[in-house]
Amino acid sequence: MSDTSHARDGVRRARYAVAAVFAVHGAVTGSFATRVPWIQEHTSLGAGQLGFALAFTAFGASCAMPLAGRVSHRYGSRTALRGLLALWTLSLVLPALAPNLAGLCLAMFTYGATAGMADVAMNALGVEVERLLGKSIMSGLHGMWSAGALIGSAAGTLAAHLGADARLHFALASAVLTLLGFMACRWVLDLQPAEDEEPPPRFALPPRSALLIGAVGFCAVFAEGASLDWSAVFLRDRLDSSAGLAAASTTGFMLTMAVARIAGDAVVNRFGAVRTVRAGGVLAGLGGLLIVLAGHPAVAMAGFALTGLGIAVVVPLCFAAAGHAGPNPSQAIAGVATITYTSGLIAPSLIGGVAQATSLTVSFGVVTALACGLTVFAGVLRTAERGGRPEVSRQAAAVPDPRP
């Protein structure tokens with residue numbers, strides 16, 4: 001077999017490995033989400049106190065994400081990802097061990113910090129694999145994250161149904177996911193900085209390009225957060241639906257996003273990032289309009305499904321565009337991730353505030369307007385579509401070394 005064939009096989013193997021990493025990352029999130037009621041009961045917190053503690057997740061992620069690039073520079077991409085992913089999977093046990101509000105805030109800060117750093121590292125590696133393959137793969141990688149989240153939530157639902165103690169559940173899940181993550185990282189690309197390459201700063205403001213790209217991601221994540229947290233409430237309160245049907249709308253939204261992300265790369269490779277996001281904005285805007293005008297649960301559920309379909313590939317494409325927009329992919333990706341994390345944090349509370357002052361219908365009118373913004377501002381993703389992939393001073397092994 002020729003060296004070219006070996007290199008091609010190595011890059012393909014690296015693609016599957018980083019996809020597995022995305023799935024592991026998502027499974028941690030899915031596992032945690034299902035046991036939040038147990039954590040609330042265990043710590044005897046009210047709804048407001050619980051919301052305050054959960055906000056520390058995004059706070060921790062925003063503080064720590066800029067550090068991921070420096071860690072990768074010092075230890076190499078494979079070792080850095082292996083360590084950061086292990087910290088993330090192991091941090092799953094911390095929330096269940098928290099005895100009170102202060103302990104839970106500290107646990108969620110650590111949980112968010114490790115999540116954010118692993119997130120930046122794996123997205124940066126995904127961008128590098130995409131660069132070597134010369135085609136879009138980021139949507140599919142984020143689809144694997146969604147699939148992992150669904151698997152983790154299914155396992156967590158079963159554990160909750162059986163009445164399992166979350167401390168035991170999280171300990172077992174953490175052990176399994178740490179092992180799976182360690183095995184997956186064995187095959188990812190091992191990128192090493194060039195001898196004369198300066199290490200990235202510990203903390204730095206994101207570049208202007210990341211701010212513009214992040215604004216597009218902000219619109220998509222705002223719609224995602226609003227739909228995930230408020231779709232069931234909208235059907236129950238606005239359309240007087242049963243609890244089961246209301247919950248099904250949220251599940252349907254998540255499934256739509258997962259399927260669309262897994263299939264999204266083929267669309268992006270055919271039509272390009274800009275046209276795909278513009279079309280997605282049209283679909284999401286139409287979905288939002290159906291939600292606002294809905295007089296029947298089926299119409300609202302169709303609206304949420306269309307919204308999920310429209311926004312599914314936006315965040316993956318924003319990460320890809322950020323990684324291709326400058327000489328330091330980790331720094332740019334960290335900037336975009338910080339903006340999107342912030343959007344995900346403020347969306348649910350802002351929707352609730354607008355609903356309190358007016359109505360949920362008006363709240364989703366805001367979501368619809370932001371979704372339409374995707375069509376208007378999609379052009380900022382053109383950097384990646386042009387093949388604007390700058391030379392980077394990294395020594396990347398085309399064939400990943402299989403040894404740990």
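These legends describe close-up views of a predicted model. Residues are numbered from 1 along each chain as its sequence is written, and side-chain values use heavy atoms, with hydrogens and water left out. Because the model is predicted, local features need pLDDT of at least 70 and side-chain atom pairs count only at pLDDT 80 or more, while totals for chains, interfaces and linings use all residues.

**View 1. The largest pocket.** The largest pocket holds about 2,100 Å³ of space. Its lining has 49 residues, and Thr29, Ala33, Trp145, Leu228 and Asp229 are the closest to the pocket centre. A pocket here is an open set of points on a 1 Å grid over the protein atoms alone, where a 1.4 Å probe fits, with protein on both sides within 12 Å along at least five of seven lines; lining residues have an atom within 4 Å of a point. A volume is the space filled by probe spheres set on the points, with grid points joined across faces, edges and corners.

**View 2. Helices and residue classes around the largest pocket.** Several helices each supply at least two residues of this lining, among them H1 (3-34), H3 (47-64), H7 (101-133) and H8 (138-161). Helices are DSSP runs (H or I, at least four residues), numbered from the N terminus. By class, the lining of the largest pocket has 27 nonpolar, 18 polar and 4 charged residues. Ala, Val, Leu, Ile, Met, Phe, Trp, Tyr, Cys and Pro count as nonpolar; Asp, Glu, Lys and Arg count as charged; the others, Gly among them, count as polar.

**View 3. The second largest pocket.** This pocket has a volume of about 250 Å³. It is lined by 13 residues, of which Ser31, Ile151, Gly152, Ala155 and Leu177 are the closest to its centre. H1, H8 and helix H9 (166-185) are the elements that give two or more residues to the lining. H8 gives the largest share, 6 residues. The lining of the second largest pocket divides into 9 nonpolar, 4 polar and no charged residues.

View 4. A salt bridge is a side-chain nitrogen of Lys or Arg within 4 Å of a carboxyl oxygen of Asp or Glu. Arginine 167 forms one with aspartate 165, and the closest N and O atoms are 2.8 Å apart. Arginine 167 is partly exposed at 37% relative accessible area. Aspartate 165 is also partly exposed, at 27%. Buried means under 20% relative accessible area, exposed over 50%, and partly exposed in between (1.4 Å probe, protein chains only). Arginine 236 and aspartate 237 meet in another salt bridge, at 2.8 Å from N to O. Arginine 236 is partly exposed, with a relative accessible area of 45%.

View 5. Glutamate 224 pairs with arginine 261 in a salt bridge, with the closest N and O atoms 3.9 Å apart. The pair links distant parts of the chain: glutamate 224 is in helix H10 and arginine 261 in helix H11, 37 residues apart. Both residues are buried.

View 6. The model has 9 aromatic pairs. In one of them, the rings of phenylalanine 52 and phenylalanine 56 have centres 5.3 Å apart and planes at 75°, so the pair is edge-to-face. Rings of Phe, Tyr and Trp (its six-membered ring) pair if their centres lie within 6.5 Å; planes under 30 degrees apart count as stacked, over 60 as edge-to-face and the rest as tilted. The two residues are 4 apart in helix H3, about one helical turn. Phenylalanine 52 is partly exposed at 47% relative accessible area, and phenylalanine 56 is partly exposed at 23%. Phe52, Phe56, Phe59 and Phe109 form one aromatic cluster.

**View 7. Tryptophan 88 with tyrosine 111.** These residues form a tilted aromatic pair, 4.6 Å centre to centre, with 50° between the planes. Tryptophan 88 lies in helix H5 (residues 77-90) and tyrosine 111 in helix H7, so the pair ties together parts 23 residues apart in sequence. Tryptophan 88 is buried, with a relative accessible area of 1%. Tyrosine 111 is buried at 4%.
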